[in-house]
Amino acid sequence: MVKLTDDYMTNQLKIISVNCQGLGDKRKCQDVLMNLKLKKYNVYFIQDTHFTTEEENYIETMWSHDVFFNSYKSNSRGIAILFNDNCEVKVHKNYRDENGNYLILEATIDNLQFLLVNLYGPNSDTPEFYSQLLGKIEEIYSGQYVIIGGDFNLVLNQDLDTMNYKRINNPKAQVEVHKLMETLDLIDIFRENTPTLRRYTWRKRNPIKQGRLDFFLISQSFLSLAPQIKFENSYRSDHSPVILEYKINEITNIDLFLRWIEENNIRIIAISNTENLNQKREGAVNLRYVAERLRDIKNMDEVEAFYKECVYN
């Protein structure tokens with residue numbers, strides 16, 4: 001499991017997103033899931049699963065780790081988020097639509113709070129899907145990092161993200177995705193890191209047609225974790241997997257403490273030597289005590305109690 005080591009964490013966390021192009025056939029389902037599992041990523045966003053609710057126990061048993069579903073029909077749609085046993089995760093709540101198109105998890109992964117959103121965008125130009133998704137995220141958002149990944153069935157930039165398209169795919173829905181990004185302060189991390197690079201995640205033959213339909217949108221504040229995007233060759237699908245990875249060795253316990261202070265609008269006065277300790281002004285912090293105790297913090301839930309211990313009232 002990914003764990004804290006003294007004052008900092010030293011690992012990468014990797015999230016893969018892939019349209020599986022239907023896993024209703026049991027042989028294909030077993031083959032594809034085992035292929036994914038062998039890659040040893042931490043979190044898996046899969047779309048177009050074709051799972052039914054009756055099959056969910058079987059899928060979870062085969063995977064042998066936590067799985068969250070939004071299943072639809074055996075011949076269309078459906079998504080799931082799967083976790084491996086190589087990360088420390090706690091899912092607090094989950095939300096889903098009725099059509100097997102999105103799944104949202106409120107989760108803590110290695111001491112960070114996330115909204116994980118796996119989506120399978122409608123094939124038709126349906127802008128209300130993205131406006132409703134925005135409304136749902138705004139309803140439950142409380143300062144978490146937001147990661148939206150999946151097959152959007154549209155592109156963000158017609159010039160850079162398509163090849164041999166004769167027209168803009170789902171233009172009204174595209175406008176709503178840009179609105180969602182602006183409202184939630186999200187960025188297309190692939191395009192942020194590589195402004196002019198052309199990469200495609202979906203392809204069609206005869207005639208050849210390609211588009212970057214699969215991507216991750218992440219919180220602007222997430223840039224401090226140096227996120228990167230990688231691609232893999234497709235496997236039994238016409239979509240290529242997209243991988244979001246970020247380093248977590250920069251997240252320290254002091255970061256947790258300072259983030260809690262900031263979120264609660266608390267102004268602290270630092271006291272750094274023994275002569276000043278006798279002043280005990282309201283809001284003053286004994287930094288020596290902070291240094292000794294801070295390494296014991298395991299998560300954000302413990303920060304408030306720690307603050308009350310080390311701050312003079």
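This is a predicted model: local features need pLDDT of at least 70, side-chain atom pairs count only at pLDDT 80 or more; totals for chains, interfaces and linings use all residues.
## Close-up views

The side chain of Asp31 meets that of Arg236 in a salt bridge, with 2.9 Å from N to O. Since Asp31 belongs to helix H1 and Arg236 to the loop between strand E16 (228–231) and strand E17 (242–247), the pair ties together parts of the chain that lie 205 residues apart in sequence. Arg236, for its part, is also partly exposed, with a relative accessible area of 42%. The salt bridge shown here is one of 8 that the structure holds.

**A network of salt bridges around Asp161, Asp188, Arg191 and Arg212.** One of the pairs consists of Arg191 and Asp161, whose closest N and O atoms are 2.6 Å apart. This pair links distant parts of the chain, as Arg191 sits in helix H6 (residues 189–193) and Asp161 in helix H4 (residues 158–161), 30 residues apart. Are these two residues buried or exposed? Arg191, at 15% relative accessibility, counts as buried, and Asp161 is buried too, with a relative accessible area of 0%. A further pair is formed by Arg212 and Asp188, again with 2.6 Å between the closest N and O atoms.

**An open sheet built from strands E11, E14 and E13.** The sheet has 3 strands, which follow one another in the order E11-E14-E13 and pair in the antiparallel sense. Its edges are formed by strand E11 (162–163) and strand E13 (202–204), each of which pairs on one side only. Strand E14 (residues 209–211) runs antiparallel to E11, and 2 bridges join them. In this pairing, Met163 stands opposite Gln210 in E14. In general, the strands of a sheet pair through backbone hydrogen bonds, either parallel or antiparallel.

**Strand E8 and its neighbours E7 and E9.** Strand E8 (residues 102–109) is mostly covered, with 8 of its 8 residues buried. In a regular strand, side chains alternate between the two faces of the sheet. In E8 both faces are covered, for Tyr102, Ile104, Glu106 and Thr108 are buried on one side, and Leu103, Leu105, Ala107 and Ile109 are buried on the other. Strand E7 (residues 89–96) pairs with E8 in the antiparallel sense over 7 bridges, and Arg96 has Leu103 in E8 as its bridge partner. The hairpin of E7 and E8 has 5 residues between the strands, and in this hairpin Gly100 takes a positive phi near 70 degrees. Strand E9 (residues 112–120) also runs antiparallel to E8, to which it is joined by 8 bridges. Here Leu105 stands opposite Leu116 in E9. The hairpin of E8 and E9, with 2 residues between the strands, contains Asp110, which takes a positive phi near 45 degrees.

**The largest cavity and the residues that line it.** Rolling a probe the size of a water molecule over the atoms shows where empty space is left. A search of the whole structure finds 1 cavity of 30 Å³ or more, and about 40 Å³ of space lies in the largest cavity. Its lining is made up of Leu23, Gly24, Asp25, Lys26, Cys29, Phe51, Glu55, Tyr58 and Ile59. The elements that give two or more residues to this lining are helix H1 (26–38) and helix H2 (56–63).

**The chain as a whole, for orientation.** The protein chain contains 10 helices and 19 strands. Of its 313 residues, 51% count as buried. Among contacts between residues at least 6 apart in sequence, 66% join residues at least 24 apart.

How values were computed. Residues are numbered from 1 along each chain as its sequence is written. Side-chain values use heavy atoms; hydrogens and water are left out. Two strands pair if DSSP finds at least two bridges between them. Helices (H or I, at least four residues) and strands (E, at least two) are DSSP runs, numbered from the N terminus. On a 1 Å grid over the protein atoms alone, a cavity is a set of points where a 1.4 Å probe fits but cannot get out, and a pocket is an open set with protein on both sides within 12 Å along at least five of seven lines; lining residues have an atom within 4 Å of a point. Grid points are joined across faces, edges and corners, and a volume is the space filled by probe spheres set on the points. A salt bridge is a side-chain nitrogen of Lys or Arg within 4 Å of a carboxyl oxygen of Asp or Glu. Buried means under 20% relative accessible area, exposed over 50%, partly exposed in between (1.4 Å probe, protein chains only). Contact means heavy atoms within 4.5 Å.
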